[in-house]
Amino acid sequence: MENGGYEVPENANEHCPGPQSESAGKSDACEGCPNQQICATAPKGPDPDLAAIIERMATVKHKILVLSGKGGVGKSTFSAQLSFALAAMDFQVGLLDIDICGPSIPKMLGLEGQEIHQSNLGWSPVYVESNLGVMSIGFMLPHPDEAVIWRGPRKNGIIKQFLKDVYWGELDFLVVDAPPGTSDEHISIVQFLQATGIDGAIIVTTPQQVSLIDVRKEVSFCKKVGLQVLGVVENMSGFCQPLSGFKFMSVTETGEQKDMTDWVITAMREKCPEMLNLIAFSEVFDSSAGGGVKMCMDMGVPFLGKVPLDPQLCKAAEEGRSCFDDSKCQISAPALKTIIEKLLSQLEVSRI
């Protein structure tokens, strides 16, 4: 709803003058409105920092948000590996972590303990490689266990500062790792970046309904704010591991566990050695309702692909390294590569 060119909240009174109007919160029409106090005290007119953000972001070709409806779905892992992959293709990449209360990106990029430096051009990102820079509030905390207990306005302030004060230089991609949900940080980053041109959002989910319920809200959020959904990634889509990587246990009637791994591996090697080359797969989450694929069909958004729950990918994230650098992530790396290739094709970006 609009009034006088201003966006009007859905729960506003009739004849609302609009939250950016000079009479916001003060006119007779505002009496009894639940937004009255906020509108009366909010700054009016265009954001004076928007021009600085537009100027800073002018050197960034593609801006991609990575979102999730709920926590624990592997969103930051995906953001980190997407950034590693794009940098390995010789793109200039920036990774911006706006998960203010749970900044895990420094660890996932192997940058724990690093600090931000300032120059005459602004804040300098912390670099993994010459073409992969990272910015996170995690670099500003005096201790890694320090809790960030901030209200919305302060969170919005640091996000704005990241966008207008960080000197990224010429970037092909800026990947923004957002916290779960659809709250202050999401509204702020979309508002600040929309004026600069933003490609859209990748939404990460897991297959079970408890995750997809929240992801549907995330898709709805994107549609309401005019943010294109580039696609949905179904993470942890079944547990996959080479059979030789498992431990085998026997359990007695009293619950005592006995390691039988050596016996099983020896038996397979002697009687059926080809079994050692097989990949074992198990459904960890209930996907009987159709998982991410069905949800995308229902909501009319693209499905980018599935990434299995791979212990080697989890280990790469813990160690802050790319899953593409060696052959350890033989199950998850090809799946991620296919998703990234599909994303680049959708954005009509050619590999360098």
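A residue counts as buried when its relative accessible area is under 20%, and as exposed when that value is over 50%. The exercises below apply these words to a predicted model.

**Exercise 1.** Compare the reach of helix H11 with the span expected at 1.5 Å a residue, and then find which of its residues are buried.

*Solution.* Begin with the extent of the helix: H11 covers residues 332–347, which makes 16 residues. From its first C-alpha to its last, H11 reaches 23 Å, and this is close to the expected 22 Å. Next, go through the helix in order, and you will find that Ser 332, Ala 333, Ala 335, Leu 336, Ile 339, Ile 340, Leu 343, Leu 344 and Leu 347 are buried. Finally, step past the end of H11 to Glu 348, where phi is positive, near 60°.

**Exercise 2.** Decide whether Gln 257 is buried or exposed, and name its contacts outside its close sequence neighbours.

*Solution.* First locate Gln 257, which belongs to strand E13, residues 257–259. Gln 257 counts as exposed because its relative accessibility is 55%, and the cut-off for exposed is over 50%. Then, setting aside neighbours within four places in sequence, we find Gln 257 in contact with Met 249, Ser 250 and Val 251.

**Exercise 3.** Describe the second largest pocket by its space and its lining.

*Solution.* The second largest pocket holds about 510 Å³ of space. Its lining consists of 24 residues, of which Pro 103, Pro 106, Glu 112, Gly 138 and Pro 144 are the closest to the centre. Sorted by class, the lining has 13 nonpolar, 6 polar and 5 charged residues.

Terms used
Residues numbered from 1 in each chain as written. Predicted model: local features only at pLDDT ≥ 70, side-chain atom pairs only at ≥ 80, totals over all residues. Heavy atoms only, no water. Helix = DSSP H or I, 4+ residues; strand = E, 2+ residues; numbered from the N terminus. Expected span 1.5 Å × (residues − 1). Buried < 20%, exposed > 50% of the residue type's maximum accessible area, 1.4 Å probe, protein only. 1 Å grid on protein atoms, 1.4 Å probe; cavity = no way out; pocket = protein on both sides within 12 Å on 5 of 7 lines; lining within 4 Å. Points joined across faces, edges and corners; volume = space filled by probe spheres on them. Nonpolar A, V, L, I, M, F, W, Y, C, P; charged D, E, K, R; others polar. Contact = heavy atoms within 4.5 Å.
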